[in-house]
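Q: Could you walk me through how to read a structure like this one, step by step?
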Amino acid sequence: MSALAHVPAASGQSSAPPPPPRRGRHRLLPYLLLLPGAAWLFVFFALPLLQLAAASLYDPAGSLSTGYALTWAFGNYPDAVQAYWPQFARSFLYSAIALVLALLMGYPLAYAIAQKAGRWKNLLLVCVVAPMFTSFLVRTLAWKTILSDNGWVVGLLRDVHLLGPDGRLLATPIAVVLGITYNFLPFLVLPLYASLERLDPRLLEAASDLYASGWQAFRRITLPLSMPGLIAGTLLFFIPATGDYINAELLGTPNEYMIGNVIDSAFLVRLDYPQGAALSFLLMAAILAIVFGYLRKAGTEEVL
Amino acid sequence: MRSPHRSLTRRGLLSGTLGTAAMLAAGGALAGCGTKGAQQTEAGCKSDDLSGTEKKLAFSNWPQYMDVDEKDESKRPTLDEFVKKSGIQVTYTEDVNDNNEFFGKVQNQLAACQSTGRDVMVLTDWMAARMIRLGWIQKLDKAKLPNVEANLLTSLRNRSFDPDSQLAIPWQSGLAGLAYNAKVTKEIRTVDELLTRPDLKGKVTALSEMRDTMGLLLQSNGHDPANFTTAQFDDALNKLKKAVASKQIRKFTGNDYAPDLAKGDIAACIGWSGDVVQLGFEDEKIKFVVPESGVMLWSDNMLVPNKATHRANAEALIDYYYDPAVAAKLAAYVNYICPVQGAQAEMEKIDPDLASNPLIFPDEAMLSRSKVFMALDEKQEKEYETKFQQVIGA
């Protein structure tokens with residue numbers, strides 16, 4: 001308000017105030033620019049979300065032929081948790097393990113591409129991104145062939161006795177976690193690469209001038225400076241990985257099914273819309289809680 | 001210079017948007033109380049037939065379910081013949097990949113008595129039964145289906161969801177039974193062997209289609225899948241549960257068991273005859289078994305949905321495919337069970353080997369051992385499907 005009062009006083013009596021229409025347009029401009037995006041979000045995100053929220057509170061006794069009444073049946077939520085908490089727990093467990101594996105592989109990879117690859121940099125980046133040119137489904141099916149019981153991977157593992165003579169990888173939790181790790185790895189590597197690429201090597205030189213060991217330089221310089229990429233990468237990895245159901249479906253068995261499989265079956269096979277919607281909301285809430293907790297702990301404003 | 005008004009910050013915008021969305025959510029949820037019932041009635045949802053003036057037809061089918069020319073895959077000999085003979089232009093779309101997914105695709109229109117843009121669609125028995133139950137399917141005029149009347153296999157008449165055969169006419173049928181890869185395991189004869197034989201542990205799959213898997217299990221317990229009680233269903237389900245818990249069953253599949261069976265990743269499975277016949281052409285070690293306790297017979301049916309505007313054209317098409325000569329040409333390509341009587345004699349002229357294949361033209365002994373799963377009402381369907389899905393993991 002003080003700024004607003006200040007403007008006419010400063011311009012004084014000599015010049016006329018700027019014409020009002022221009023100022024009005026200026027004021028509305030950011031909103032106008034936001035309009036297409038906001039309309040898109042509203043129609044394709046907010047409205048469906050709202051519909052889903054309403055569906056999660058439908059009377060569970062309803063059915064397709066009689067229709068569903070909105071009875072604010074909050075009991076759908078505890079019922080859904082009670083019936084499917086193992087799949088919930090499994091989803092978070094698998095995506096957490098996959099995240100750790102992906103970090104162990106992805107961080108050195110991103111660092112190598114960003115700092116050490118020299119003229120191979122672009123080629124290596126293409127190698128990371130190229131698998132994304134094919135469909136997610138095709139890539140997962142390829143893993144089925146790679147891990148096949150009669151394939152060379154399993155054969156080799158049997159020969160070195162890491163697997164028993166009848167051991168297998170397909171249809172085990174290992175295959176599912178490996179599939180998740182592989183499928184979402186680029187989402188982790190690319191933001192990390194973007195951060196690490198901006199890392200000024202002179203800072204590391206300065207660190208070694210000051211007698212910092214390699215590990216100290218990494219912990220005090222490289223890691224803090226790559227934090228924004230690390231956080232963005234882990235989120236981009238963790239969020240879709242937790243909701244994923246293709247890997248569990250194709251590489252696992254019913255004993256490996258994750259919450260995404262349950263939601264899929266609730267909507268498409270069992271036609272239990274209230275339960276499917278309640279499970280979807282619970283998943284969203286759980287992920288949001290984890291993300292906010294994580295961001296608070298990591299203390300960054302760069303992502304949100 | 002500072003902007004004269006409050007600047008638009010990311011945080012401010014975010015909280016503003018969230019606030020507005022929350023308010024809209026509360027208001028909207030109150031406004032849009034629930035959904036209307038999807039049930040339609042013949043009187044409530046009338047469909048016009050424009051076949052007299054419009055010589056066209058939209059036909060939705062599964063992939064690889066229609067004969068194609070050996071030299072030019074874009075040509076479909078039997079369908080082209082129909083177009084030539086009748087003058088009806090057919091738009092043929094292979095957009096049915098999964099009964100449940102297809103249901104999701106058309107349910108909103110059909111629940112609201114609107115057109116789906118399709119005149120004929122091909123869906124499996126239980127989905128056909130569900131749509132008939134919901135009143136979504138148009139009754140056909142039997143006078144216009146003389147070939148169907150004359151040639152439909154006896155075992156496919158009198159089905160509980162369509163006793164008069166005027167709502168759902170089988171396109172192709174098939175068996176759900178056992179299959180094994182003789183390179184990996186020795187012969188398998190019964191469902192119990194599949195579920196308990198120690199050498200098969202972890203190398204067995206079953207179908208995620210409840211009717212097929214549970215139908216076979218019910219039969220292995222000596223019960224009739226066409227007429228069973230909840231207690232009998234639970235019995236059969238317990239048997240399945242044990243096989244899952246002992247890790248005998250590796251997973252539940254749709255069509256995707258076929259490549260795994262061919263590779264030998266799985267040794268034996270519950271599978272469909274059509275897939276196994278096709279695998280058998282490439283590798284004779286892949287074999288289909290009709291278990292001694294009985295086998296499941298299913299069909300994919302041609303349905304004319306509500307608000308389809310070319311019913312008479314559709315009837316012409318359906319009747320055309322019940323001409324034995326046409327049916328034989330189609331069966332020679334798709335290798336499922338041909339639901340048309342008399343096609344076997346026609347097949348002798350095309351390919352005598354196929355004509356003697358019991359998985360395309362089953363003999364009386366086999367048909368007498370086959371059952372069609374009982375039609376379920378909505379409550380039973382949800383109850384059984386939920387129990388089954390819990391055992392198969394979702």
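**Reading the chain and its domains**

A: Of the 304 residues in chain A, 40% are buried, where buried means under 20% relative accessible area with a 1.4 Å probe and protein chains only. This is a predicted model, in which local features need pLDDT of at least 70, side-chain atom pairs count only at pLDDT 80 or more, and totals for chains, interfaces and linings use all residues. Residues are numbered from 1 along each chain as its sequence is written, chains are lettered from A and ligands numbered from 1 in the order in which they are written, and side-chain values use heavy atoms, with hydrogens and water left out.

Q: Which domains does the assignment give for chain A?
A: Domain bounds come from an automatic or database domain assignment, which here gives domain 1 (29-73) and domain 2 (80-298) of chain A. Their C-alpha centres lie 30 Å apart.

Q: How much area do domain 1 and domain 2 of chain A bury between them?
A: Buried area is the accessible area (1.4 Å probe) that two parts lose on being put together, summed over both. Domain 1 and domain 2 of chain A bury about 750 Å² between them, with 84% of it on carbon and sulfur atoms. On the side of domain 1 of chain A, 53% of the area buried against domain 2 of chain A is supplied by A:Leu52, A:Ser56 and A:Tyr68, more than by any other three residues.

How values were computed: Buried < 20%, exposed > 50% of the residue type's maximum accessible area, 1.4 Å probe, protein only.
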